[in-house]
Amino acid sequence: MMISRSTASRVAKSVLNHADPRYFSAATSLGGGGYTHGGAAIFLSRNLENALWKTWTRFPAVGVRKSSTLALSKDQRQEEEKVQGGASDGAAATGGGNGNKGVVVSYWGVEPAKITKEDGTEWKWNCFRPWETYTSNTTIDLKKHHAPVTWMDKMAFWTVKALRLPTDIFFQKRYGCRAMMLETVAAVPGMVGGMLLHCQSLRRFEHSGGWIKALLEEAENERMHLMTFMEVSKPRWYERALVFAVQGVFFNAYFLAYLVSPKMAHRIVGYLEEEAIHSYTEFLKELDNGNIENVPAPAIALDYWRLPPGSTLRDVVMVVRADEAHHRDVNHFASDIHCQGLELKAAPAPVGYH
Ligand SMILES: [Fe+2]
Ligand SMILES: [Fe+2]
């Protein structure tokens, strides 16, 4: 919709008079967005159509934060710019583990807390924090298997076996690549299940028994497996395309499966995790045989699993396999609860351990 310049100016003045100063308290330079430090009304009237549009549609969150110094005095504005500039420099200097070079890192002027590791060195990961790290329980029983008894179990079991066949053909013994690609799928069920339980909790005005958190923890844990393996194996363009296609199909298929039969959905994931344990065991054999180079563990793995310095890829595969065994138990347990005619909230969720 086209707005005349005088109308835009009146709208701008009105907005600035009535809007919460937190939202319209400054005009700062937004890269490529045409923002200036000039008068507010002129600024908004000249740029109302394109600047507001760009700010609130293309960069909605950045727009709110970047425009938060408009009503400040010149001194305050300079001070804020100094802080933001310093923060940006700091981010660029430290890297931060999330590639935020040149990005304003303060949140409404609040500087991020400085986090250090136990040895006093700076914590460099923004994607997870020290209190989210853990030591994996590698003594977990890797051979546990839920024997398929009911027709539903058998269907879940053979569905997973059928899915394994094309996977074996495609990857063969490239276990690094296989692990990385399969983790892109493995991180989906927890998120879908957690999301659906979340919505159910809202609809029914009731607690979830901790299962939302348990399933979202699983999704995050799987995603961290992916973040680790992508450090040792880089996807090719056709592998990226495959992930794109598989995610589109698998997300929707699992979403529908979970709506129709959560006990079947959890049983399928339980069997998928059994297959994941098998794959990582084969991965370890290849490492031990020298067919795959046992390279040093990626830095992200050392911090996430609290591995000692000098750990290798083999140590990483060991802890990832233990995680998969935990996911296997969680999902078979969830399916067992449903099989008893109960809802998940009837049993406390296994939250906070791996
Ligand atoms: Fe995984
Ligand atoms: Fe898993």
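Tutor: A contact means heavy atoms within 4.5 Å. In this chain, among contacts between residues at least 6 apart in sequence, 74% join residues at least 24 apart. The model is predicted: local features need pLDDT of at least 70, side-chain atom pairs count only at pLDDT 80 or more, and totals for chains, interfaces and linings use all residues. Residues are numbered from 1 along each chain as its sequence is written, chains are lettered from A and ligands numbered from 1 in the order in which they are written, and side-chain values use heavy atoms, with hydrogens and water left out.

Student: What makes an atom a donor of the iron ion (ligand 1), and which residues supply the donors?

Tutor: A donor is an N, O or S atom within 2.8 Å of the metal (3.2 Å for Na, K and Ca). Glu-183 (OE), Glu-183 (OE), Glu-222 (OE), His-225 (ND1) and Glu-324 (OE) coordinate the iron ion (ligand 1) at 1.9 to 2.4 Å, so they qualify. Water is not among the atoms, so sites may look incomplete. Along the chain the spacing of these donors is E-x38-E-x2-H-x98-E.

Student: Which residue bridges the two iron ions?

Tutor: Glu-222 bridges the iron ion (ligand 1) and the iron ion (ligand 2), which lie 3.8 Å apart. Glu-183 is in helix H6 (residues 175-204) and Glu-222 in helix H7 (residues 211-229), so the pair ties together parts that are 39 residues apart in sequence.

Student: What makes a set of residues a nonpolar core?

Tutor: The members are buried Ala, Val, Leu, Ile, Met, Phe, Trp, Tyr and Cys residues joined through side-chain atoms within 4.5 Å. The largest such core has 31 residues, of which Phe-229, Phe-283, Trp-305 and Val-317 touch the most other members. H6, H7, helix H9 (262-289), helix H10 (299-304) and helix H11 (313-339) each supply at least two residues of this core. Apart from it lies another core, of 19 residues, including Leu-196, Trp-211, Ala-214 and Val-330.

Key. Helices (H or I, at least four residues) and strands (E, at least two) are DSSP runs, numbered from the N terminus. Buried means under 20% relative accessible area, exposed over 50%, partly exposed in between (1.4 Å probe, protein chains only).
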